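Welcome, and thanks for bringing your viewer along.

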Amino acid sequence: MAATSATTATAKATAGTAAGPRRRRGRLGVQNAAGWLFSTPFLVLFATFMAFPILATLAMSFTDFGLRDVTDPFSAEFIGFENYTKLSEDEKFLKALFNTGYFVVVGVPLTVGAGLFAAVLLNSGVARMRTFFRVGFYAPVVTSIVAVAVVWRFVLDPGEGLIAGIAAEAGLTAPDFLGSEALAMPSLIVMAVWRNLGTAMVLFLAGLQAIPADVREAARIDGAGAWQEFRRITVPLLRPTMLYVSVMTSIAFLNVFEEPFVMTNGGPDDSTLTVSLDMYREGFNFFHMGYASAMAYVLFTVILAVTLLQLRLLKDKTR
Amino acid sequence: MQLIRRTVAVTVTAATAAGALLLSACGGDSGGQTAADEKQTLTVWGMGEEGKHLQELGEEFGKKYPNIDVKVTPVGWDVVHQKLVSAVAAGELPDMAQMGSTMVGEFTSLDALEPVDTKTFRKADFFPAAWAGNVTDGTAYGVPWYVDTRVLYYRTDLAAEAGVGKAPANWREQRALAAAYKDKAGTEWGTYHQPSGIGAWQTWLPFLYSAGGKLLDKDGEPALDSPESVRALSEYAHYYDKGLSTKSSPPGYDVVKDFASGKAPMFVSGPWMVNNIQDQHPGLKGKWKAAPLPADKTSTSFVGGSSLVTFADSGHKAAAKKFTEYLTSPAEQADWYGMARSLPAVEAAWDEPELTRAEGLDVFEKQLRTSEPVPALSKWEEFAAKIDEAVARVAQKGEDPAKTAAWLQKATESLVD
């Protein structure tokens, strides 16, 4: 396949040269114009709803844009990097940054691992009722966070909750999961893993099904056991999927907002305050828009760095 | 989908902020004024459940003034602040709104509110504290509509079981009752005081006021490191140090459930709780009471509630005034109590049969006379959030009250104008 298309490309290029440079440019010009024409609707929408807000936020992050400036935006004062210096000394924000890091460092490997495990299990002949389980694992992904919160609060409630009930049967006392500084974040991580592993699983399933059967067959004929097959065939061939899943999960987890917002509101004592939640409060409760914009850019920079790091770490090995 | 939705969420702050910029460029035409007797539509924003009842009142009003068509839009309490600010930015405000009394100061500072005509609405007709919350630099910007004040709710049946026959009259008795509930009646906690989270200041503020403290001193500077403030924080902390109140504060916590089960046999809250308890747990009838707040130096509660404001940009100010007049007439105030169980801000309304007949209201009326509002501050939301944090520090972290008071003082200094 690759060889054929390369040949065709060379042939076309040669033909182009033969017909003269002038004609080629003309044809490409028409193509270009058509291309621009067809992309215009997208470009207009992108410029209005993505590029402009993104740039406006960047500009705003260098101002003291606040409540008063809402009625007169140009009264906001330019204050240079003041918001950023203030952020570097803001204990609350640093704690939020730490909490977010904690959430990502623990949550992402768990989500990727659990997703991979579920996918391998549901793709193999071992599991019965595969469709049922696939739906089961995917259901949390499409369920509204509010419904999820109701269920999890019931599970975690120290008084009448599911876990408390089971513990009481066994003569134990369940801890106050969401009320304890040490346990609130792990509880949210478990919930987030449960909510997101379905997405990872579906992507891994697609990746698994793209592995040609003859490769597996060849390995088995060569005497590979199940573990060897997994390690030598499945994992290497799944690497591109793994890269995609971990990058997307990391981005999602760095932005974590809904879990702490509906379950703990950042508490107890800010132990579940994340960057997005802090940003939301600064922006919409207090209308410190300049400050919140600076937070958005710090978060953006962190996400960019983490993504580049992952691309480097995981991509090099695929070669 | 989950992943995508979250990625998009980052840009939300950005987009909305930018949207505010864009929108403020257009809109905001004030135009001429429509006279009260002309045909017109008056747009009003009501909050939460009250918005629905307000529509009914608007229809009643329409019978008296057929030329004015009142159109009420209910807005959820949780989004009202954000919506109002966006509307100010966009120049898309209604003519009138019901506004939480603590928010009036903020919108006054945005020049969004029309000053109150004090010839029509007289200060002397309202509870002094309710009126005071609407005043900035000597000018009133909102007319008090209904008031709420915090009182003590407690379980009489469990108190009897614990050997206590009357409501606690002071802090010492309040402590003793909480301990007795737990030790003698076997309840999980002795009381419920909100340990942290949005609005924790509402439970703590009566402690500060009763200790003789104030939020601001005479010069308008925070007075939160005063001995009274330290005393109020220490008193609050006592309930956590002794395990008499839960430290857990999940969003959406409903104290009524724990009150009914006996887990939290005592709490401090507003008049709406009377309805909530009666509706959700009719079986509790006769097993609980509302009492004035236990006193320290005084028994001083915090008064909140809602005001009626007219926006400066409205073209229907005359009609808005008529509607405000209607809503604050003693007869309508009493009607409103019948509808929503909200307490009238107009003192004369308390003599209407609707209220004199109602049981258990005397405690609120009594408490209202000694209640104080929060000062009208443009940065009240932030100010309140700092108090919430201070409450969390002493309640959940067990930090030293004096140290916390000093921190709170410093944290609020930049938030007064």
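Before the first stop, keep in mind that this is a predicted model. A search over all chains of the whole structure finds 23 salt bridges, and the tour begins with a few of them.

**Stop 1: a link between chains**

Select Lys92(A) and Glu389(B). These two form a salt bridge, and their closest N and O atoms are 3.0 Å apart. Lys92(A) sits in helix α4 (residues 91–123) of chain A, while Glu389(B) belongs to helix α16 (residues 380–395) of chain B, so the pair joins two chains. Is Glu389(B) buried or exposed? Glu389(B) counts as buried, at 17% relative accessibility. Lys92(A), with a relative accessible area of 25%, is partly exposed.

**Stop 2: a pair within chain B**

Now move to Lys166(B) and Glu173(B). Their side chains meet in a salt bridge, at 2.9 Å from N to O. Lys166(B) is partly exposed at 48% relative accessibility, and Glu173(B) is partly exposed too, with a relative accessible area of 23%.

**Stop 3: a link across the sequence**

Next, select Glu228(B) and Lys297(B). This is another salt bridge, with 3.9 Å between the closest N and O atoms. The two residues are 69 residues apart, so to speak, on distant parts of the chain. Glu228(B) lies in helix α9 (residues 227–241) of chain B, and Lys297(B) is in the loop between β9 (288–291) and β10 (303–310) of chain B. Glu228(B) counts as partly exposed at 22% relative accessibility, whereas Lys297(B) is exposed, with a relative accessible area of 61%.

**Stop 4: two domains of chain B**

Colour chain B by domain: domain 1 covers 26–145 + 306–368, and domain 2 covers 151–301 + 379–415. Taken over C-alpha atoms, the centres of the two domains are 30 Å apart. Where they meet, 11 residues of domain 1 of chain B are in contact with 16 residues of domain 2 of chain B.

How much area is buried between domain 1 and domain 2 of chain B? The figure is about 990 Å², and carbon and sulfur atoms give 66% of this area. The interface of these domains has zero salt bridges across it, but two residue pairs are in polar contact there. Select helix α15 (residues 362–369) of chain B: with four residues, this helix gives the most to the side of domain 1 that touches domain 2. That side of domain 1 of chain B is made up of five nonpolar, three polar and three charged residues.

**Stop 5: a buried glutamine**

For the last stop, select Gln40(B), which lies in strand β1 (residues 40–47) of chain B. Gln40(B) counts as buried, at 6% relative accessibility. A polar atom of the Gln40(B) side chain lies 2.8 Å from the backbone oxygen of Ala35(B). Now show what surrounds Gln40(B). Leaving aside neighbours within four places in sequence, Gln40(B) is in contact with Thr34(B), Ala35(B), Asn67(B), Ile68(B), Asp69(B), His316(B) and Ala319(B).

Conventions:
Residues numbered from 1 in each chain as written. Chains lettered and ligands numbered in written order. Predicted model: local features only at pLDDT ≥ 70, side-chain atom pairs only at ≥ 80, totals over all residues. Heavy atoms only, no water. Domains from an automatic or database assignment. Contact = heavy atoms within 4.5 Å. Buried area = accessible area lost by both parts, 1.4 Å probe. Salt bridge = Lys/Arg side-chain N within 4 Å of Asp/Glu carboxyl O. Polar contact = N/O pair within 3.5 Å; in protein donor to acceptor, adjacent residues only side chain to side chain. Nonpolar A, V, L, I, M, F, W, Y, C, P; charged D, E, K, R; others polar. Buried < 20%, exposed > 50% of the residue type's maximum accessible area, 1.4 Å probe, protein only.
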